[in-house]
Amino acid sequence: YIDREIIQKKFIYGYSWFRIATETKYSERSCQRMMIGAIQQLTKTMFGNTGYEQGRLFIFVDNQYKICG
């Protein structure tokens with residue numbers, strides 16, 4: 001459940017990592033790790049292990065033009 005919340009806040013609502021960390025009571029780095037894990041799981045679900053083995057399939061750019069994911 002927390003993975004979904006982090007993804008929604010980051011990529012739908014555009015919250016900063018600091019705000020997400022404050023609201024979820026996790027560190028910024030922990031939130032980033034959970035987001036990466038959730039995207040990896042989503043990638044496996046959508047494309048199977050073959051898709052995941054290709055490496056990063058998604059690159060997100062946040063509002064401050066920093067690459068995430």
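Is Arg19 buried, exposed or partly exposed? I looked this up to get going: at 39% relative accessibility, Arg19 counts as partly exposed. For my own reference, buried means under 20% relative accessible area, exposed means over 50%, and partly exposed lies in between (1.4 Å probe, protein chains only).

**Entry: ground rules**

I am working with a predicted model, in which local features need pLDDT of at least 70 and side-chain atom pairs count only at pLDDT 80 or more, while totals for chains, interfaces and linings use all residues. Residues are numbered from 1 along each chain as its sequence is written, and side-chain values use heavy atoms, with hydrogens and water left out.

**Entry: the outline**

I went through the secondary structure and found three helices and two strands. Starting at the N terminus, I read the order of elements as α-α-α-β-β. Helices (H or I, at least four residues) and strands (E, at least two) are DSSP runs, numbered from the N terminus.

Next I looked up the surface: the chain has about 5,100 Å² of accessible surface, and 53% of this belongs to carbon and sulfur atoms. These areas come from the Shrake-Rupley method with a 1.4 Å probe; for residues, only the protein chains shown count as cover. Of the 69 residues in the chain, 28% are buried.

I also checked contacts (heavy atoms within 4.5 Å). Among those between residues at least 6 apart in sequence, 29% join residues at least 24 apart.

**Entry: helix α2**

I turned to α2, residues 17-24, and noted that Trp17, Ile20, Ala21 and Thr24 are buried there. Looking down the axis of α2, I see its buried residues fall within an arc of 100°, so they line one face of the helix. The arc is taken over the directions from the helix axis to the C-beta atoms. Just after α2 comes Lys25, with a positive phi of about 70°.

**Entry: the core**

Which residues form the largest nonpolar core? I listed nine: Ile6, Tyr15, Trp17, Ile20, Ala21, Cys31, Met34, Met35 and Ile39. Helices α2 and α3 (28-53) each supply at least two residues of this core. The largest share, four residues, comes from α3. A nonpolar core here is a set of buried Ala, Val, Leu, Ile, Met, Phe, Trp, Tyr and Cys residues joined through side-chain atoms within 4.5 Å.

**Entry: salt bridges**

How many salt bridges does a search of the whole structure find? I noted three, each being a side-chain nitrogen of Lys or Arg within 4 Å of a carboxyl oxygen of Asp or Glu.

- Glu5 pairs with Lys9, their closest N and O atoms being 3.0 Å apart. The two are four residues apart in helix α1 (residues 2-12), about one helical turn. Both Glu5 and Lys9 are buried.
- Lys9 also meets Glu23, at 2.6 Å from N to O. Lys9 lies in α1 and Glu23 in α2, so this pair ties together parts that are 14 residues apart in sequence. I noted relative accessible areas of 13% for buried Lys9 and 35% for partly exposed Glu23.
- Arg19 meets Glu23 as well, at 3.0 Å from N to O. Both lie in α2, four residues apart, about one turn of the helix.

Through shared partners, these salt bridges join Glu5, Lys9, Arg19 and Glu23 into one network.
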